[in-house]
Amino acid sequence: MLLRNNIPLTYIFGKIKKELLFVIGYSIGIVVLYENFHVTRISIPVAVPALLGTIISLLLAFRSNQAYDRWWEARILWGAIVNDSRTLSRQILSFVENPYGLDEVEEYKARFIKRQIAWCYALSQALRGFNPRKGLEEYISAEEIAFIKKRKNVTTTILELHAMDLKKALQQGWINKYQQIEIDKTITGLCNHMGGSERIKNTVFPVTYSKYINMSIHLFIVLLPFGLIEYFGYMEVPLVVAIAAFFLLVEKMAVHLQDPFENKPTDTPTTTICRTIERDLCQMLDDNKIYEDKPQTELAPVGSYYIL
C-alpha cells in the first residue's frame with residue numbers, strides 16, 4: 001500500500017503509456033483518412049462499438065469484483081493474524097505461572113512472544129517471494145535458527161517450535177491442560193490464516209478469462225474511431241483516448257488487485273501490519289527496544305513511494 005494519499009497522474013497513466021500512445025496514433029490516422037483523404041466508407045454505426053463496450057463493461061465489472069474479493073480476503077486474513085498474535089501473547093503472559101519469579105519462566109515468555117513476531121515477518125516475506133529467514137536472528141535464538149535451517153517451510157517450522165514450547169510448559173507445570181488447549185487453538189488459527197494467505201498467493205486468476213477480456217478491449221478500441229468519426233471529426237481523437245484510457249485503467253486495476261502479495265502498490269500492507277504486531281507485542285512484553293531500533297524505511301521503493 002502506498003504511504004502517500006495523493007498518487008500523481010504520471011504514475012497512474014504510466015501504467016498504460018504504451019497503449020495510449022498507440023491509441024493516439026491510431027485515432028489520428030483514422031481521422032486524417034476521413035477528413036483529408038475523404039475515405040468516408042470507413043464509418044460504421046456507433047451502435048456497434050457501443051454494444052461491444054457494454055459487454056466489456058459487464059465483464060470488467062465481474063473481474064474487478066473478483067479481484068477485489070481476493071484482495072479483501074487477504075486483508076481479512078491479516079487482520080485475523082493481528083488479533084491472534086495479540087491473543088497468543090496475552091495467553092502466554094497471563095496463563096504461564098511463575099510464582100517464584102524464576103528467570104527461566106520469564107525467558108520462556110519472552111522467547112515465545114518474540115518468536116511470534118518473527119513468524120509474522122517470515123510469512124510476509126515468504127508471500128512476497130523474499131527470503132523468509134532474513135532478519136529472524138533479531139527475534140530467535142541461534143539454536144532455533146539452526147533448527148529452522150533444516151526445514152524448507154520456515155513459517156510452519158516456527159509454529160512447530162511454538163507447539164514444542166507449549167508442550168514443555170505443560171510438562172513443567174507452568175500451565176494446565178485446559179490452558180494448553182486454549183493456546184493450541186490460537187496457534188491453529190494462525191496456521192489457518194497462513195494457509196488462507198498461501199491459497200490466495202498460489203491460486204492463479206484464470207489466464208484465459210484475462211486474455212479474452214484484453215482481446216475484447218483492444219477490439220473495442222480498434223472499432224471505436226470508426227463509430228465516432230462521422231459525428232465528431234477531429235474531436236474523436238480525445239474522445240477515443242479518454243474512453244480507451246478508462247477501459248485500460250479498469251483492467252489494470254483488476255490485474256493489480258487480483259494478486260495482493262506481489263509487492264506492488266496495491267498489495268495488502270503486510271509489512272506495516274507486522275510492525276503493528278511487533279509494537280503491540282513488545283509493549284505487552286514491556287520490551288520496546290526491539291521496535292525502537294528498527295529502521296523506518298521500507299522494502300521496495302516505487303519512485304517516491306514505498307510499498308508496505
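Predicted model: local features only at pLDDT ≥ 70, side-chain atom pairs only at ≥ 80, totals over all residues.

Student: OK, which residues touch the most other members of the largest nonpolar core?

Tutor: Those are Trp78, Trp119, Leu136 and Ile140, in a core of 47 residues. Helices α3, α4, α5, α6, α7 and α10 each supply at least two residues of this core, and α4 gives the most, with 13.

Student: What does tryptophan 78 touch?

Tutor: Leaving out residues up to four places away in sequence, its contacts include Cys120, Leu123, Phe261, Ile273 and Cys274. There's also another core lying apart from the largest one. That other core has 19 residues, among them Ile16, Leu228, Phe247 and Leu248.

Student: New topic. Where does asparagine 263 lie?

Tutor: In the loop between α9 and α10. Asparagine 263 has a positive phi of about 60°, although it isn't a glycine.

Student: And is asparagine 263 buried or exposed?

Tutor: Buried, because its relative accessibility is 17% and the cut-off for buried is under 20%.

Student: Now the surface. Which residues form the nonpolar patch there?

Tutor: Val46, Tyr231, Phe232, Met235 and Leu239, with about 480 Å² of accessible area together.

Student: Why does tyrosine 231 count as exposed?

Tutor: Because its relative accessibility is 54%, and exposed means over 50%. Tyrosine 231 is found in helix α8, which covers residues 207-232.

Notes
Residues numbered from 1 in each chain as written. Heavy atoms only, no water. Patch = residues over 30% accessible without salt bridge, like charges linked within 9 Å, V, L, I, M, F, W, Y side chains within 5 Å. Areas by Shrake-Rupley, 256 points an atom, 1.4 Å probe, with all protein chains shown as cover. Salt bridge = Lys/Arg side-chain N within 4 Å of Asp/Glu carboxyl O. Helix = DSSP H or I, 4+ residues; strand = E, 2+ residues; numbered from the N terminus. Buried < 20%, exposed > 50% of the residue type's maximum accessible area, 1.4 Å probe, protein only. Core = buried A, V, L, I, M, F, W, Y, C linked by side-chain atoms within 4.5 Å. Contact = heavy atoms within 4.5 Å.
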